Amino acid sequence: MSEISTKPYLLRAIYEWCTDSGYTPYLAVKVDSATTVPMEYVRKGEIILNISYGATSGLKMDNDAIHFRARFNGVSRELYIPVQNVLAIYANENGQGMAFEVNVTASEMAPSSAEEASAPTLSSVPGKQAESPVETTTAPDGDDEPPKKGGRPTLTRIK
């Protein structure tokens, strides 16, 4: 029998400590093909996510993965993060938390059977590109600027 990892338990404990203390829990994640995150926010193969109650919907922290819904630029997205890919969890206000070493990401692990695969993966289908109704955009890794805001209205408070 393989040894059970303490990492998911520690992640849940730090998350609970952050919320009980009134802090905002943030998650640093190493992005690979097993993670489902908005790629336009990935910088140098990593992404930082606010996982507070107000920023997420349906947050579930299992022993294998963390999954939830969150809004990015007003668009609701489903996120899936294998526990193996978590680099750190910390309170945004004071930086207290815990960092983890990620030597092998979830996509580098070879499952022994199809049932053990923790997340579905997508692959491109050969054919005409023009027929695809979904347009994907990715930012180059060296770009540190967030995506430009479109024509979305903003609310300005005047006192």
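Residues are numbered from 1 along each chain as its sequence is written, and side-chain values rest on heavy atoms, with hydrogens and water left out. Because the model is predicted, local features need a pLDDT of at least 70 and side-chain atom pairs count only at pLDDT 80 or more, whereas totals for chains, interfaces and linings use all residues.

The protein chain contains 1 helix and 7 strands, where helices (H or I, at least four residues) and strands (E, at least two) are DSSP runs numbered from the N terminus. Read from the N terminus, these elements follow the order α-β-β-β-β-β-β-β. Of the 159 residues in the protein chain, 30% are buried, that is, under 20% relative accessible area with a 1.4 Å probe and protein chains only. Among contacts (heavy atoms within 4.5 Å) with a separation of 6 or more, 56% are between residues 24 or more positions apart.

The mean pLDDT, the predictor's confidence in each residue on a scale from 0 to 100, is 79 for the protein chain, with 66% of its residues reaching 70 or more. Among the elements, helix α1 (residues 7-20) has the highest mean pLDDT (95) and strand β7 (residues 97-99) the lowest (92). By contrast, pLDDT stays under 50 over residues 112-117, for which the model has 2 contacts beyond four places in sequence. Over residues 128-140 the pLDDT is likewise below 50, and this stretch has 4 contacts beyond near neighbours in sequence.

Leaving aside residues up to four places away in sequence, Ile 81 touches several residues, including Val 29, Leu 49, Ile 66, Phe 68 and Val 86.

Strand β6 is largely enclosed by the rest of the structure, because 5 of its 6 residues are buried. Strands pair if DSSP finds at least two bridges between them; β6 runs antiparallel to β1, to which 5 bridges join it, and Ala 91 in β6 is the bridge partner of Pro 25. Strands β6 and β7 are also antiparallel and are joined by 3 bridges, with Ala 88 standing opposite Ala 99 in β7. The hairpin of β6 and β7 has 5 residues between the strands, and Gly 95 takes a positive phi near 75° there.

Key. Buried means under 20% relative accessible area, exposed over 50%, partly exposed in between (1.4 Å probe, protein chains only).
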